[in-house]
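This report looks at contacts between side chains, at one strand and its neighbours, and at pairs of aromatic rings. Please keep the sequence and the structure in view while reading.

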Amino acid sequence: MAQLLPVDEFDLIIFGGTGDLAMRKLLPALFHRDRDQQFTSASRIIAVGRSKFSRKQYLATVEDALHKNLDDDEFDATLWKSFSKRIEYLQIDVSSPKNWDGLTKTLAGHEDRIRVAYLATAPSLFGPIAKGLKANSLINANSRIVLEKPLGRDLASASEINDQVGKCFKENQIYRIDHYLGKETVQNLLALRFANSLFEPLWRRGAVDHVQITVAEDLGVGNRIEFYDRVGALRDMVQNHLMQLVCLTAMEAPASLHHDAVRDEKIKVLRALRPIDADSVRSNTVRGQYTAGAIKSDTVPAYTDELGGDESNTETFVALKVEIDNWRWSNVPFYLRTGKRLKSKHSEIVVQFQDVPHSIFPEQEYNVVPNRLTIRLQPDEGVKLTLMAKEPGPGGFNLRSVSLDLSFEETFDIRYPDAYERLLMEVLRGNPALFMRRDEVDAAWKFIDSIIEGWESTNQKVETYVAGTWGPSGSSSLLDRDGRAWYADD
């Protein structure tokens, strides 16, 4: 395993330092990176929140969060003692640029360090926080700002936020995060496609029949219910996560791994997406909402019950048929789906190749199935290639589908870092390749806005589905009309 080199000294300011994201993802990720000795001794983590905590009270809260969110064998009292020395806590009302004296004093004298402002807050605070940093002269050449998703709720609001932040930070200082881009298997998409000559001639129309991308969750909305009801699955998941997976799957080879070269190819995919508008929205999209059901033998309530009994037309599930109008992917549909309270938690990309042009096994007609490549993003990251083979034995020429299955964790025998670990380190290193450029965000929202407008103009309602299933029947029909089926439903 390659040696992990420490990054230069930094001050990482987490706005929203008492929130769920900080406690569940950011601080455990930083604990892991500190454990692997990637931080210099003087580097600091400065948490900012509205809660009136003393430093001692905040550290107790962080320690409890680490116990809850790390594996049983990962928390170490000695490591915690060292890690906790890095952490400071400041109470600031970030909605106003005033009363930031505590942060100004804390950062004074450390202008030569890398300075990262991580905005783990509501998007409505992104502009005010950027303005507060500028008004208090806390932005310099070493400064970077990280914006969490969702970035707005449509193109207009996203543009407003980007304009506000852009008045304070240069574009190369802005890191728009999508944690799916930090997953190891997503990174391996680039290696799989562009480091293996085997796949490139086949990665196109004429060889690929269609592509499926599934991001399924078995959990419900939980304590995000009020926020989620204003957003829905399309805005929450498709605009960012699934659109980025489409880009990485469909993009042309970049000239290099330079961040702008990669992002230049992704934006071409987004701009080539065929719009889904009022004329095509019913035939190309499905909206769903879960009702009460059972997951792993546990009874779970309906979405509307979690909402307090109110009726809602917010989708907790969405499926799309997406087409890319370019030479590589013409007439090769991409089927996307994501949802809450589905049968199991897993994410995968399935590249389905075409049938053999002529079978010499007529008696095995129904046993010959097309090859497919499955790229598993979670829970067991890896790659599986499904091939046809003869069953051993003298009983005749019987064909059977078999798989070459690669689990990254088993193969490399290491703990795979959480996506946030990778992304935080990339911010500290100043590498924006895994983050979205503004034109990517704009192009993705333009595509999503057209769908939302189509739903509204056609009054497309949500279909219900029982929790613990694979979604509404319309999702299966979306593929069935094309003579195809979702593979995870097998």
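Glu421 and Arg33 form a salt bridge in which the closest N and O atoms are 2.9 Å apart. A salt bridge here is a side-chain nitrogen of Lys or Arg within 4 Å of a carboxyl oxygen of Asp or Glu. Glu421 belongs to helix α13 (residues 419-429) and Arg33 to helix α1 (residues 20-35), so this pair ties together parts that are 388 residues apart in sequence. Helices (H or I, at least four residues) and strands (E, at least two) are DSSP runs, numbered from the N terminus. Glu421 is buried, with a relative accessible area of 1%, and Arg33 counts as buried at 8%. Buried means under 20% relative accessible area, exposed means over 50%, and partly exposed is in between (1.4 Å probe, protein chains only).

The model is predicted: local features need pLDDT of at least 70, side-chain atom pairs count only at pLDDT 80 or more, and totals for chains, interfaces and linings use all residues. Residues are numbered from 1 along each chain as its sequence is written, and side-chain values use heavy atoms, with hydrogens and water left out.

How many salt bridges does the structure hold? The count is 36. One of them joins the side chains of Lys149 and Asp236, at 3.0 Å from N to O. This pair also links distant parts of the chain, 87 residues apart: Lys149 is in the loop between β5 (143-147) and α6 (155-166), and Asp236 is in helix α8 (residues 225-250). Asp236 counts as buried, at 1% relative accessibility.

Another salt bridge is made by Asp380 and Arg376, at 3.5 Å from N to O. Are these two residues buried or partly exposed? Asp380 is partly exposed, with a relative accessibility of 33%, whereas Arg376 is buried, at 14%. Salt bridges can also form a network, as they do among Glu9, Asp11, Arg44, Glu88 and Arg113.

Which strands pair with β1? One is β4 (residues 114-119), which runs parallel to β1 and is joined to it by 6 bridges. Ile13 stands opposite Ala117 in this strand. Another is β2 (residues 44-49), which pairs with β1 in the parallel sense over 5 bridges. Here the bridge partner of Ile14 is Ala47. The chain passes from β1 through α1 to β2, and this β-α-β crossover is right-handed. Two strands count as paired if DSSP finds at least two bridges between them. A crossover is right-handed if, with the strands pointing away from the viewer, the path from the first strand over the helix to the second runs clockwise.

## Cysteines and a histidine

A disulfide is a covalent bond between the sulfur atoms of two cysteines. With a cut-off of 2.5 Å between the sulfur atoms, a search of the whole structure finds 0 disulfides. Cys168 is buried at 16% relative accessibility, and Cys247 is buried at 0%.

His346 is in strand β13 (residues 346-353) and counts as buried, at 10% relative accessibility. Its side chain makes a polar contact with the side chain of Ser344, at 3.4 Å. A polar contact is a pair of N or O atoms within 3.5 Å; within protein, one must be able to donate a hydrogen and the other to accept it, and residues adjacent in sequence count only if both atoms are side-chain atoms.

## Aromatic pairs

The whole structure has 17 aromatic pairs. Rings of Phe, Tyr and Trp (its six-membered ring) pair if their centres lie within 6.5 Å; planes under 30 degrees apart count as stacked, over 60 as edge-to-face and the rest as tilted. Phe31 and Phe83 form an edge-to-face pair, 5.5 Å centre to centre with 90 degrees between the planes. This pair links helix α1, which holds Phe31, to helix α3 (residues 77-84), which holds Phe83, and the two residues are 52 residues apart. Both Phe31 and Phe83 are buried.

The rings of Trp329 and Phe334 have centres 5.3 Å apart and planes at 85 degrees, so this pair is edge-to-face. Trp329 and Phe334 are both buried. Elsewhere, ring pairs link Tyr228, Tyr290, Tyr303, Phe317 and Tyr465 into a cluster.
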